[in-house]
Amino acid sequence: AVNAAGAVDLLWNASSGNDLAGYNVYRSTGGGTFERINKQPAPTPIFHDATVTPGHHYEYSVTAVDTNGNESGKSRPTGVTTPSSNAQ
């Protein structure tokens with residue numbers, strides 16, 4: 001997870017499953033519960049989260065989803081703190 005001009009970009013290792021449908025992305029804000037933030041599974045191991053707020057700490061976790069809708073366990077979380085809006 002890296003800060004990217006008012007957003008957070010995520011990149012992870014692709015799943016090797018031959019029946020992969022995509023990935024679900026989960027986010028926790030300030031140590032809260034992880035909630036899914038994408039409506040449809042992401043087709044590639046890249047996600048751009050433009051719904052972050054400056055000056056907050058976020059943690060992200062990802063799951064793989066197969067073509068039958070089965071979901072893997074969540075990845076180990078990774079965290080990032082977005083710069084405050086007055087940071088230069």
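User: Where is Thr82 placed?
Analyst: Thr82 sits in the segment after strand 7 (78-81). Keep in mind that this is a predicted model.

User: Is Thr82 buried or exposed?
Analyst: Buried. Its relative accessibility is 6%, and the cut-off for buried is under 20%.

User: Which backbone atoms lie by the polar side-chain atoms of Thr82?
Analyst: There are two to note, from Thr53 and Gly55. The backbone oxygen of Thr53 is 2.7 Å from a polar atom of the Thr82 side chain. The backbone nitrogen of Gly55 is 3.0 Å from a polar atom of that side chain.

User: Which residues is Thr82 in contact with, leaving aside neighbours within four places in sequence?
Analyst: Asn3, Val8, Val52, Thr53, Pro54, Gly55, His56 and Tyr58.

User: Asn3 and Val8 are both on that list. What is the bridge partner of Asn3 in strand 2?
Analyst: Val8. Strand 1 and strand 2 pair in the antiparallel sense, over two bridges.

User: What is the strand order in that open sheet?
Analyst: The order is 1-2-5, three strands with antiparallel pairing.

User: Which strands stand at the edges?
Analyst: Strand 1 (2-3) and strand 5 (46-49). Each has a single partner strand, so one side of each has no neighbour in the sheet.

User: Switching to pockets. How much space lies in the largest pocket?
Analyst: About 210 Å³.

User: What lines the largest pocket?
Analyst: The lining has 15 residues. Nearest the centre are Leu11, Trp12, Asn13, Val62 and Ser75. Strand 2 (8-11) and strand 6 (57-66) are the elements that give two or more residues to the lining.

User: Which strand gives the most?
Analyst: Strand 6, with four residues.

User: How does the lining divide by residue type?
Analyst: Eight nonpolar, six polar and one charged.

User: Now the whole protein. How many helices and strands?
Analyst: Zero helices and seven strands. Along the sequence the pattern reads β-β-β-β-β-β-β.

User: What box do the C-alpha atoms fill?
Analyst: Roughly 45 × 25 × 20 Å, along the principal axes.

User: What share of the residues is buried?
Analyst: 32% of the 88 residues.

User: And what share of the contacts with a separation of 6 or more comes from residues 24 or more positions apart?
Analyst: That comes to 59%.

Key
Residues are numbered from 1 along each chain as its sequence is written. This is a predicted model: local features need pLDDT of at least 70, side-chain atom pairs count only at pLDDT 80 or more; totals for chains, interfaces and linings use all residues. Side-chain values use heavy atoms; hydrogens and water are left out. Buried means under 20% relative accessible area, exposed over 50%, partly exposed in between (1.4 Å probe, protein chains only). A polar contact is a pair of N or O atoms within 3.5 Å; within protein, one must be able to donate a hydrogen and the other to accept it, and residues adjacent in sequence count only if both atoms are side-chain atoms. Contact means heavy atoms within 4.5 Å. On a 1 Å grid over the protein atoms alone, a cavity is a set of points where a 1.4 Å probe fits but cannot get out, and a pocket is an open set with protein on both sides within 12 Å along at least five of seven lines; lining residues have an atom within 4 Å of a point. Grid points are joined across faces, edges and corners, and a volume is the space filled by probe spheres set on the points. Ala, Val, Leu, Ile, Met, Phe, Trp, Tyr, Cys and Pro count as nonpolar, Asp, Glu, Lys and Arg as charged, and the others, Gly among them, as polar. Two strands pair if DSSP finds at least two bridges between them.
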